[in-house]
There are 2 protein chains.
Amino acid sequence: LSFKITILGSSSATISKDRGHSSHLVQLENIHLLIDCGEATQIQLKKFGFKASKLSHIYISHLHGDHYLGLIGLLLSLNLHKRKEPINLYAPPELMDILVVNFKFSDSKFNFPINFFATNNQSFTCITDEKKFLVYSFPLKHRIHCTGFLIKEKSKPRKLIAEKVKNLPPNYLKMLKQGLDIIDKNGNVIIKNEDVTYPVNQPKAYAYCSDTIFYPEICQYIKGVDLLYHEATFLEEHKDRANETYHCTAKQAATIAKQAGVKKLVIGHFSPRYKDTNRFIQEASSIFEHTYIANDGDTYVL
Amino acid sequence: LSFKITILGSSSATISKDRGHSSHLVQLENIHLLIDCGEATQIQLKKFGFKASKLSHIYISHLHGDHYLGLIGLLLSLNLHKRKEPINLYAPPELMDILVVNFKFSDSKFNFPINFFATNNQSFTCITDEKKFLVYSFPLKHRIHCTGFLIKEKSKPRKLIAEKVKNLPPNYLKMLKQGLDIIDKNGNVIIKNEDVTYPVNQPKAYAYCSDTIFYPEICQYIKGVDLLYHEATFLEEHKDRANETYHCTAKQAATIAKQAGVKKLVIGHFSPRYKDTNRFIQEASSIFEHTYIANDGDTYVL
């Protein structure tokens, strides 16, 4: 599976000349997903050469302006360009009220369905089940309802080890390919899957965690992902401020990456008080080596 | 009075690489007014070197996304930067519902007052009366409630012609300076103002008309202004489409400018179907010579 993540916006609530409000574009072969949609996301898409019309799924983490204020403009633009295909929209339930009031007063009539799925911030939940990938939401801990997202390639059927399965019946083979053990009526394992099969692929995964206070409970959901984006609004010298505002420091983001055993960490959502992002890298990489700074327009290929 | 207008965004609902959504910055000495606030207006302000913090008055013509979707982000940014001074906001009454629902779900608490004034689209109305200028709203004709705005320098007191007023009492002189005639008990003019005074300044004025169908009724409100911004979404070859969508052609905008006897016309809000703005100039200037194309970042000094 071709799996690419492009940072469309990497600032905190205060934009800068080089950083727009939060948004990531995820390309899974021809399926384009948008994670968060801060103001001017449609402009960033155009700037970096992407077509908004290719989006089919949009995920909104929470209802702070810098994470959703570009959504209404984006949906209106899609409509203006005669889109017919549905958009699947995953967001806190209150977003529906915001959409309704905006569309009512602008007297907007949509040519395409907006399939709205309300996220919950109580549990790890599979919210999208497509042919080749799954998307899960999970609770983050912020000032308001906020979720992270995990996008994970589906496992391909396991391959059978020919000499070890030659005398087994077809229904056993089917179960073994799906990764299941063969169990007798009493619940005893009679054939352990990993003894007679091997995996074809190591499913790729990417997790998005913004905005949140330091919240190690999320490590269980993002364990071992290829790429973790985690907010790092502050440096340790402003740890108290991070706590007060329900944000993280670079060190805390790196601690999450380390505890979750991820392969690569990208940090962003920097407070404008810091002029030099090198300090974020220094602080984070002392805990977790493979840390990168989110920059608008950067693409990560998994 | 120093009176400058900067085009922050000049596109129609479809943005382009060079044109953002509608917004004009009006600088009247140290007082900064914003007319319309499409998505990413706060980014455009930064790009062209202006400080959003200097804004004190914001005027929204109507509730189509390309004219107001940058407002919530702008207000949130002002709040984030600890603004204390009030913002005077003039807009269709329904905007209040939109603000309330957005601020409720983001749990936003404002450090500064937002003084909301609902515009009416029935009559020419003075909505702002400041020391040196006045702002009027007046009805445009669009698919939804929409108003134009006229920003006009106040007249300075007229100068008395010394030899003609030497024997008049002080209360007469005061009235004459204010531009009033002297009238007796029966309503007969006994001293005609213009016979004994002369004007000190020719008050400067700028009018903003977007979005609207061809609507010559507005000429009475914008008569003789130094600068008229009028939308010209289409060319005459798509006049039917202009009518259907309640927009204007370049020729129609020029006809308004001519009928109203304005000094200069700036046209914008171009449909993306036209690649070359020269065609707009050609069409408009055949009717009204002093026509200019709105370009993001351009400043007009009155």
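Visitor: Which residues of α10(B) are buried?
Guide: This is a predicted model, and in it helix α10 of chain B spans residues 250–260. The helix is mostly covered, with 8 of its 11 residues buried. Its cover includes α8, β15 (227–231), α9 (239–244), β16 (265–268) and α11 (278–285) of chain B. The buried residues are B:A250, B:Q252, B:A253, B:A254, B:T255, B:I256, B:A257 and B:A260.

Visitor: Which residue just after α10(B) takes a positive phi?
Guide: Helix α10 of chain B covers residues 250–260. Just after α10(B), a phi of about 60 degrees is found at B:G261.

Visitor: At what angle do helices α3 and α4 of chain A pack?
Guide: Helix α3 of chain A takes in residues 71–80, and helix α4 of chain A residues 95–105; their axes are 11 Å apart. Angles from 65 to 115 degrees would count as roughly perpendicular and those under 35 as roughly parallel. The two helices are therefore oblique to each other, and their crossing is right-handed. The packing angle is about 55 degrees.

Visitor: How many nonpolar, polar and charged residues make up the contact of α3(A) with α4(A)?
Guide: From α3(A) come A:L71, A:I72, A:L75 and A:L76, and these meet A:L95, A:I98, A:L99, A:N102 and A:F103 in α4(A). The residues of this contact divide into 8 nonpolar, 1 polar and no charged.

Visitor: Is A:F103 buried or exposed?
Guide: A:F103 sits in helix α4 of chain A. Leaving aside neighbours within four places in sequence, A:F103 is in contact with A:I72, A:L75, A:L76, A:S108, A:F110 and A:I114. Its relative accessibility is 11%, and the cut-off for burial is under 20%. A:F103 therefore counts as buried.

Visitor: How far apart in space are A:F103 and A:L76?
Guide: A:L76 is among the residues that A:F103 contacts. In sequence the two are 27 residues apart. From C-alpha to C-alpha, A:F103 and A:L76 are 9.0 Å apart.

Visitor: What area do chain B and chain A bury between them?
Guide: In this interface, 32 residues of chain B are in contact with 32 residues of chain A. On the chain B side, B:I15, B:E39 and B:F105 lose the most area, together 24% of what that side buries. Of the area buried by both chains, 64% is on carbon and sulfur atoms. The area buried between the chains is about 2600 Å².

Visitor: Is B:K82 buried or exposed?
Guide: B:K82 is in the loop between α3 (71–80) and β5 (87–91) of chain B. Its phi is near 65 degrees, a positive value in a residue other than glycine. The relative accessible area is 56%, and over 50% is the cut-off for exposed. B:K82 is therefore exposed.

Visitor: What is the relative accessible area of B:D107?
Guide: B:D107 lies in the loop between α4 (95–105) and β6 (114–118) of chain B. Although not a glycine, B:D107 has a positive phi of about 55 degrees. B:D107 is partly exposed, and its relative accessible area is 45%.

Conventions: Residues are numbered from 1 along each chain as its sequence is written. Chains are lettered from A and ligands numbered from 1 in the order in which they are written. This is a predicted model: local features need pLDDT of at least 70, side-chain atom pairs count only at pLDDT 80 or more; totals for chains, interfaces and linings use all residues. Side-chain values use heavy atoms; hydrogens and water are left out. Helices (H or I, at least four residues) and strands (E, at least two) are DSSP runs, numbered from the N terminus. Buried means under 20% relative accessible area, exposed over 50%, partly exposed in between (1.4 Å probe, protein chains only). Axes are lines fitted to C-alpha atoms, for helices over the stretch in contact, and angles run from 0 to 180 degrees between N-to-C directions. Angles under 35 degrees count as roughly parallel, over 145 as roughly antiparallel, 65 to 115 as roughly perpendicular and the rest as oblique. A crossing is left-handed if the near helix is turned anticlockwise from the far one by less than a right angle, and right-handed if clockwise. Contact means heavy atoms within 4.5 Å. Ala, Val, Leu, Ile, Met, Phe, Trp, Tyr, Cys and Pro count as nonpolar, Asp, Glu, Lys and Arg as charged, and the others, Gly among them, as polar. Buried area is the accessible area (1.4 Å probe) that two parts lose on being put together, summed over both.
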